[in-house]
Amino acid sequence: MNSSPSAQRSARSQCYTTAFMAVPQSNRRVVRFGVFELDLSAGELRKNGVKLRLQGQPFQVLTLLLERSGEVVTREELQQKLWPSDTFVDFDHSLNTAINKVREALGDSASSPRYVETLARRGYRFIAPVQSQPPARSEPKNAATEAAAEFAAPAVDASGPSSRPVPEPGVAIHPELEVPIPRRSVSRGLFALTQLMYLIFYLVALFRLRAVQGIADSFLPSWAATTLVATVMVTAGVGIPLRCYLLSAVGFDYQRLGEKFRQIFPFVLALDQLWAVAPFLLMQQIGLGAAFAVSAALLYLPFSERTLIRMAYLGSKSPAN
């Protein structure tokens, strides 16, 4: 049960006050670390100038960690500063959620951290180098000064090589793929649908194994047809538990899935490349052109799976929260 609205407002005010009181002139300060900068006056986290989505308690937690960069901030200290005694919340769950959101915004990992280090049963420590300085003050310009600057500035052709597209405000860019990062639910959903598609392939092939044998006998020697059917059985038998594992991992949002998928990707690639020739078994029904087109799409699909995983589990080798 929450406290009264006036007490909640007082608690929130106290949270923001304590979050910034250790930083002198915090209303004009920008803290930089790596490719990130934390604007305390605007309450914004930016990466390469692009605003990231981090507000409320996760932003306050990051601010407190930056204030004491290199030092251990205990869980009890975070509780006292961000969750006053008159606020009734599940502290452990709320703090873990806030830390997870901070790590997700920074592309960080709990097992191999670059920014926020976890000290078991103690607290957290910000381990990256931090630079803090106030933003440059812009001198007021009158209309004549602005007009003179506009007249003196060289014209730049928008189609020239020097022009670069500027990302839309609020859109985070993937640091490796250099594309806007979609919602994790979209990436995870597409990856799950791909695993479900392969699982259906395997099950249908096993349930209709006699039909596969008949198709193989129609254009292959007896030994080759038998080898093909045996290959279908073995790869489907291996692929079914693999796809079930990937489906359950992405369904439960297993945070080390990015690392695990990178480890098994060579095997997944080989398996998917073998099944990419499956459409040619239906060549008599769908034609050579359609079989070739579907096979080409299946050849590319494992690389799409890897891209979806990299988008959904952004960051280091093991993106555990």
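Tutor: A salt bridge is a side-chain nitrogen of Lys or Arg within 4 Å of a carboxyl oxygen of Asp or Glu. This is a predicted model, in which local features need pLDDT of at least 70 and side-chain atom pairs count only at pLDDT 80 or more, while totals for chains, interfaces and linings use all residues. Residues are numbered from 1 along each chain as its sequence is written, and side-chain values use heavy atoms, with hydrogens and water left out.

Student: How many salt bridges does the rule give, and which residues are linked in a network?

Tutor: The count is 13 salt bridges. A network of them links Arg32, Glu37, Asp39, Glu44, Arg46 and Lys51.

Student: What makes the contact of Glu37 and Arg46 a salt bridge?

Tutor: Their side chains meet at 2.8 Å, N to O, and the rule asks for a distance within 4 Å, so the pair qualifies. Both Glu37 and Arg46 are buried (under 20% relative accessible area; exposed is over 50% and partly exposed in between, with a 1.4 Å probe and protein chains only).

Student: Where do the partners Arg184 and Asp253 lie in the chain?

Tutor: Arg184 and Asp253 form a salt bridge at 2.8 Å, N to O. This pair links distant parts of the chain, 69 residues apart: Arg184 belongs to helix α6 (residues 184–207), and Asp253 to the loop between α8 (222–251) and α9 (257–275). Helices (H or I, at least four residues) are DSSP runs, numbered from the N terminus.

Student: Why is Glu259 called buried?

Tutor: Glu259 has a relative accessible area of 16%, which is under 20%, so the residue counts as buried. Glu259 is found in helix α9.

Student: Why is Arg256 called partly exposed?

Tutor: Arg256 has 31% relative accessibility, which lies between 20% and 50%, and therefore Arg256 is partly exposed.

Student: What makes the contact between Glu259 and Arg256 a polar contact?

Tutor: The side chains of Glu259 and Arg256 are joined at 2.9 Å. A polar contact is a pair of N or O atoms within 3.5 Å; within protein, one must be able to donate a hydrogen and the other to accept it, and residues adjacent in sequence count only if both atoms are side-chain atoms.

Terms used. Helices (H or I, at least four residues) and strands (E, at least two) are DSSP runs, numbered from the N terminus.
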